[in-house]
Each structure stands twice: as structure tokens, then as C-alpha cells.
Amino acid sequence: SDVYKRQVSTQSTGRPSSRVIIKFLQVMMKHGYIGEFEVIDDHRNGKIVVELIGRLNKCGVISPRFDVSLNQIESWTNALLPSRQFGYLILTTSYGIMDHEEARRKHTGGKLLGFCY
């Protein structure tokens, strides 16, 4: 039963699934905050099972989705992230959903979805 408890604690189930949530999780997975995740389609609104690997300290959603221009990214990272070395703001841009560093490289702003560190 100890092994079972350990398996349960490394998985988290979220519902309902949406394309925005899936893209958000893909960005988190790309940076190594979470392991694999699986979308379970039950023909209603679906579930997402996420494998947690213990690197995620905090993850949050910013509502309403504030507009963030390229020159405002810096002030938002200072406000939301604990330090400039780690953590990501996740933005939705005209190039898709990405972290703030990629948005800076692509020289674009967007709407602020959330953050994770």
C-alpha cells in the first residue's frame, strides 16, 4: 500500500480539459516542471492526468488575462516570479501559447495566462 500511496501522490487529475490547458501543460512539460500528461476523453468534457515530478513549487492562473506588451514583460516577471533565474510567465500570443522568454525572442507580446515556478 506504500507503493500505491507514492503513485497516487505523483499524479494529479484535472478537469475539464481544454486546448488552452493542454498547451499550458505542454509549456510546463517542455521546461521540466511536470512529466507526461494524458488526456482522457470521456465524451463529455474530458480529464487530464498529470505526472508530477516534484519540481513544481507554484503554478497559477492570472484572471483576467491582462494584455502584456513586449516592454511590460519585465515588470510582470518581477511582480509574479520569485527571482529572475527561474520560473516562467505563460502568454497567449498570435504565435500560440508560449513562455515569456520565447515571446521575447519572437519579439511579441500577448495576453497573460499564468505562471509557474
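The model on display is predicted.

**Stop 1: the whole chain**

Begin with the chain coloured by secondary structure. It comprises four helices and eight strands, and from the N terminus on the order of elements is α-β-α-β-β-β-β-α-β-β-α-β. Of the 117 residues in the chain, 32% are buried. Among contacts between residues at least 6 apart in sequence, 57% join residues at least 24 apart.

**Stop 2: the second largest pocket**

Select Glu74, Thr77, Asn78, Leu81, Pro82, Ser83, Arg84, Gly87, His100, Glu101 and Arg104, which line the second largest pocket. Its volume is about 180 Å³. Helix 3 (73-80) and helix 4 (100-105) are the elements that give two or more residues to this lining. How do the lining residues divide by class? Two are nonpolar, five polar and four charged.

Within this selection, centre on Glu101, which belongs to helix 4. Glu101 has a relative accessible area of 32% and is therefore partly exposed.

**Stop 3**

His107 has a positive phi of about 60° although it is not a glycine. Is His107 buried or exposed? With a relative accessibility of 63%, His107 counts as exposed.

Next select Thr108, which lies in the loop between helix 4 and strand 8. Thr108 has a relative accessible area of 9% and is therefore buried. Leaving aside residues up to four places away in sequence, Thr108 touches Leu70, Ile73, Thr93, Ser94, Tyr95 and Ala103.

**Stop 4: the nonpolar cores**

Show side chains for Leu25, Met28, Ile34, Phe37, Val50 and Ile90. These are the members that touch the most others in the largest nonpolar core, a set of 13 residues. Helix 2 (19-30), strand 2 (34-40), strand 3 (47-52), strand 6 (88-93) and strand 8 (110-116) each supply at least two of its residues. Helix 2 contributes the largest share, four residues. For the second core, which is separate and has eleven residues, select Ile73, Leu81, Leu91 and Leu112, which are among its members.

**Stop 5: the largest pocket**

Display the surface of the largest pocket, whose volume is about 450 Å³. Which of its 20 lining residues are the closest to its centre? They are Ile21, Phe24, Leu25, Cys59 and Val61. Strand 1 (11-14), helix 2, strand 3 and strand 4 (59-61) are the elements that give two or more residues to the lining. The largest share, five residues, comes from helix 2. By class, the lining holds 15 nonpolar, three polar and two charged residues.

**Stop 6**

A search of the whole structure finds zero disulfides. Cys59 is in no disulfide, and the nearest cysteine sulfur, in Cys116, is 5.5 Å away. The surroundings of the two may be inspected in turn. Cys59, at 37% relative accessibility, counts as partly exposed, whereas Cys116, at 2%, counts as buried.

**Stop 7: a cis peptide bond**

Finally, select Ser63 and Pro64. They are joined by a cis peptide bond, with omega about 5°. Pro64 is located in the loop between strand 4 and strand 5 (67-68).

How values were computed:
Residues numbered from 1 in each chain as written. Predicted model: local features only at pLDDT ≥ 70, side-chain atom pairs only at ≥ 80, totals over all residues. Heavy atoms only, no water. Core = buried A, V, L, I, M, F, W, Y, C linked by side-chain atoms within 4.5 Å. Buried < 20%, exposed > 50% of the residue type's maximum accessible area, 1.4 Å probe, protein only. 1 Å grid on protein atoms, 1.4 Å probe; cavity = no way out; pocket = protein on both sides within 12 Å on 5 of 7 lines; lining within 4 Å. Points joined across faces, edges and corners; volume = space filled by probe spheres on them. Nonpolar A, V, L, I, M, F, W, Y, C, P; charged D, E, K, R; others polar. Disulfide = S-S within 2.5 Å. Contact = heavy atoms within 4.5 Å.
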